[in-house]
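Welcome! Here is a short briefing to read with the structure open beside you.

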Amino acid sequence: MSLVGLASYLVFFLTLAGIYALMAQGLNVQWGYAGMLNVGVAAFFAIGAYTSAILTTGASDGHLGGFGLPWPLGFIAAMAVAGLLGLGIGIVTLKLRSDYLAIASIGIAEIVRLVLKNEEWLTGGVRGIAGIPRPLDGLIAGQNALLLLALIVALILVVHWALERAHRSPWGRVLRGIRDNETAARAMGKDSLVYRMQAFVMGCAIMGLAGAAYAHFVGFISPEAFDPVFATFIVWVMLIAGGSGNNKGAILGAVVIWAVWSGTQFLTGHFPAQYQTQAGALRVLMIGVLLQVILIFRPEGLLPEKPPAPIWRKE
Amino acid sequence: MIEILQLLLYGTLLGSIIALGAVGVTLTFGILGFANFAHGDLMAFGAYVCFLLYTQLAMPFWLGLVAAVPATILLAVVVDRVLYRRFRASRPIISLISSFGAALIIRSSIQIIWGPGTWLYSSKLVMAQRFEGIRYKPDQLLIIAATIVVVIALHLFLQRTRVGKAMRAMADNATLARLSGIDTERVILWTWVIGGGLAALAGVFLAMDTRLQPEMGWFLLLACFAAAILGGIGKPMGAIAGGYIIGMMMELSTLVLPAEYSPVVPFAIMVLLLLVRPTGLFAGRST
């Protein structure tokens, strides 16, 4: 591979890793901060991607559209719609044990998948949505890919800053309290349902943001891009590998696991053509085994959760 | 009228399969304390073991069916020994995450061994017969009858044997059961024997009625969870009743909903139930 090719692959790799990092950050609010088990990450991601795609593309006979809104509005709407869906799920399941949330969230993932596939008037069905505008294109001639990467890095940093603040704040402390001992937190007069709902909706909105970023990165989305099981699973592996409850861990985990996942492609890329479908399954199997190894030998992840340092305020 | 009776027959058929799967889900949830996301893939594994012996090695069908049961039990016990047992001391929720990974490991192993495509047990075309205008196949009646026999046997096992009583006690209150001197590891072993064995039957029946594909069990998992919650967690007979209700509702829903959306039905029933009566119809445990 030439140096230019290598550089452009690196940008491509980091952009996708960055999108996964956003998802892992969203999941960290839910699982890391509050101990809520969302197995429908891909659904919120897909909702975000489709919301922004529908709002920002031009008119088309294939799907709902023609709004042609600027991309920042698409991103905000993606967060809002994914957050609203999270609110609905939360109302049903958050007062129950987290197993029920896990079960309900695979149901939501399934419904979202069916709607994307069957409601052609809305989503274009299996033909998907094409021609999604790329943000910042042409701002600096010839640097479109790099600009998009910069945008995604900026989003990660903003989300990271906000989550770190939330982690240090009384709000974050109450969430950890609820996660570790709900009875005690309730005895202190904290309404655990409200706190959990806020964290859940916030996480879903961040996943929606990641979806919007993805849609505008690839320019074309279809239901096949959102394998509900695997997309969700790999985000879980990223967060647990990086360190649940640690925001830097979530970002690190996303980059490391995405590198491992991409690396396995080089490994199986040498398989003869007739074994390529098997090779795909073998890659999934390796990630599955990796998760078990992490859970058994290093459940706290690469960067374990740390209680936040106190804030020193100027008088 | 004929159409409704026809759907009720299909509903009983689908309900039988869901019921057999839901027993394992409710037992693991009640006794081990976590929702086992790999249960659907245990079903698929059982179906493929039967496929290996019956279709690929041309052995008699009953041998394939009988061999699928111990093979699936063995897989369930091995997964428990290698993975879930390590997380028993910590929170059960870690077992749930681990089972999510186990589900993908089993499913991709099936894909590697048998390929991602669909298979049939037998390419022989069996014509549907008619009774008063209702279409049925002999296989379908066999599945329904076999399920009834299995359910009666399960009921007797849970009511009459010491192990069965211990299992019910532990599903009801694990701490109390341990305090009264029940050997919990032995009960857990039996949980996998019953859950895995019935999962294998459910998988083979599902493959007889439809066809084999690696995701077949995963697609049915949500229905099994819904049935287990409907029947009350930890109550095997409740899960069986829940399975039949979910199966009937899924088939009857095609009267008013496009057929593509029938997988949504178990979810809708579950959401309604969680809002109104989270302990299930027969007052199981909710927390």
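Which residue just after H4(B) takes a positive phi? That residue is Gly115(B), with a phi of about 85 degrees. Keep in mind that this is a predicted model. Let's look at that helix, then at chain B as a whole, and then at where the two chains touch.

**Helix H4 of chain B**
- Helix H4 of chain B runs over residues 92-114, which makes 23 residues.
- Most of H4(B) is covered, with 19 of its 23 residues buried.

**Chain B as a whole**
- Chain B contains 11 helices and 2 strands.
- The C-alpha trace of chain B spans about 55 × 45 × 35 Å along its principal axes.
- Buried residues make up 52% of the 287 in chain B.
- Of the contacts in chain B between residues at least 6 apart in sequence, 77% join residues at least 24 apart.

**Where the chains touch**
- On chain A, 32 residues are in contact with 33 residues of chain B.
- Helices H3 (71-93), H4 (98-118), H10 (228-242) and H12 (276-297) of chain A each supply at least two residues of the side that touches chain B.
- That side of chain A is made up of 21 nonpolar, 8 polar and 3 charged residues.

Technical notes
Residues numbered from 1 in each chain as written. Chains lettered and ligands numbered in written order. Predicted model: local features only at pLDDT ≥ 70, side-chain atom pairs only at ≥ 80, totals over all residues. Contact = placed C-beta atoms within 7 Å. Helix = DSSP H or I, 4+ residues; strand = E, 2+ residues; numbered from the N terminus. Nonpolar A, V, L, I, M, F, W, Y, C, P; charged D, E, K, R; others polar. Expected span 1.5 Å × (residues − 1). Buried ≥ 20, exposed ≤ 12 C-beta atoms within 10 Å, placed from the backbone.
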